[in-house]
Amino acid sequence: MENKKPEYLIETDILIEYLESDAGERTALEMLMERGLCFTTVINSAELFFNANNETRNEAVKRLLTSLKVLGLNSRYSLNISKFFNKVAGVREALICSVALNNNLPLVTRQKEKYLKSGVEIIDPEEIKTGR
């Protein structure tokens with residue numbers, strides 16, 4: 001039986017890190033993509049496009065998103081949103097947690113403190129870079 005590749009839900013901060021990295025610099029996202037399957041959400045992709053302030057940046061975002069699986073928002077994600085009440089800052093973070101929970105995906109972010117009380121598995125990208 002073949003081993004299933006690990007899967008990850010990538011937060012916007014990790015995507016921005018990749019977009020802003022210098023040529024030749026190995027990012028956490030690249031390491032994660034070598035290890036397994038990377039997902040993000042339509043929320044994260046919308047944030048990237050919203051902040052793409054020129055056509056060059058817009059094209060870079062498009063290229064990045066073609067290499068990820070972008071999860072849309074299904075009504076089922078709202079069914080457990082109340083689990084995250086008083087555990088995260090707002091609806092955006094609660095939706096990210098709901099997507100992670102419903103798809104059994106660990107969330108990769110540098111902003112662990114935003115999600116510590118959520119109960120969702122959080123991966124710090126430094127753990128990936130250092131091989132921990």
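Helix H1 (residues 12–19) packs against helix H3 (residues 42–50) at an angle of about 40°, and their axes are 10 Å apart. The model is predicted.

**Exercise 1.** Classify the H1 and H3 pair by angle, then find which residues make the contact.

*Solution.* 
- Step 1. Start from the angle of about 40° between H1 and H3. Angles under 35 degrees count as roughly parallel, and 65 to 115 as roughly perpendicular. H1 and H3 are therefore oblique to each other.
- Step 2. The crossing of H1 past H3 is right-handed.
- Step 3. List the residues. H1 supplies Thr12, Leu15, Ile16 and Leu19. H3 supplies Asn44, Glu47 and Leu48.
- Step 4. Sort them by class. The contact of H1 with H3 has 4 nonpolar, 2 polar and 1 charged residues.

**Exercise 2.** Describe how H1 packs with helix H4 (residues 55–66).

*Solution.* 
- Step 1. Take the geometry. H1 and H4 pack at about 120°, with axes 11 Å apart.
- Step 2. Take the handedness. H1 passes H4 in a right-handed crossing.
- Step 3. Name the partners. On H1 they are Leu15, Ile16, Tyr18 and Leu19. On H4 they are Arg57, Ala60, Val61 and Leu64.
- Step 4. Sort by class. The contact of H1 with H4 holds 7 nonpolar, no polar and 1 charged residues.

**Exercise 3.** Is Thr12 buried or exposed, and which residues does Thr12 contact beyond its neighbours within four places in sequence?

*Solution.* 
- Step 1. Thr12 lies in helix H1.
- Step 2. Check accessibility. Buried means under 20% relative accessible area. Thr12 has 8% relative accessibility, so Thr12 counts as buried.
- Step 3. Leave aside neighbours within four places in sequence. Thr12 then contacts Asn44, Glu47, Leu48 and Arg92.
- Step 4. Thr12 and Val108 are 96 residues apart in sequence, yet 9.3 Å apart C-alpha to C-alpha.

**Exercise 4.** Find where the buried residues of helix H2 (residues 28–35) lie, then link H2 to Ile128.

*Solution.* 
- Step 1. Pick out the buried residues of H2. They are Ala28, Leu29, Met31 and Leu32.
- Step 2. Look down the axis of H2. The buried residues fall within an arc of 160°, so they line one face of the helix.
- Step 3. Turn to Ile128, in helix H6 (residues 125–129). At 6% relative accessibility, Ile128 counts as buried.
- Step 4. Leave aside neighbours of Ile128 within four places in sequence. Ile128 is in contact with Ala28, Met31, Leu32, Arg35 and Ile123.
- Step 5. Compare with Val108. Ile128 and Val108 are 20 residues apart in sequence and 9.7 Å apart in space, C-alpha to C-alpha.

Methods
Residues are numbered from 1 along each chain as its sequence is written. This is a predicted model: local features need pLDDT of at least 70, side-chain atom pairs count only at pLDDT 80 or more; totals for chains, interfaces and linings use all residues. Side-chain values use heavy atoms; hydrogens and water are left out. Axes are lines fitted to C-alpha atoms, for helices over the stretch in contact, and angles run from 0 to 180 degrees between N-to-C directions. Helices (H or I, at least four residues) and strands (E, at least two) are DSSP runs, numbered from the N terminus. Angles under 35 degrees count as roughly parallel, over 145 as roughly antiparallel, 65 to 115 as roughly perpendicular and the rest as oblique. A crossing is left-handed if the near helix is turned anticlockwise from the far one by less than a right angle, and right-handed if clockwise. Contact means heavy atoms within 4.5 Å. Ala, Val, Leu, Ile, Met, Phe, Trp, Tyr, Cys and Pro count as nonpolar, Asp, Glu, Lys and Arg as charged, and the others, Gly among them, as polar. Buried means under 20% relative accessible area, exposed over 50%, partly exposed in between (1.4 Å probe, protein chains only). The arc is that of the directions from the helix axis to the C-beta atoms.
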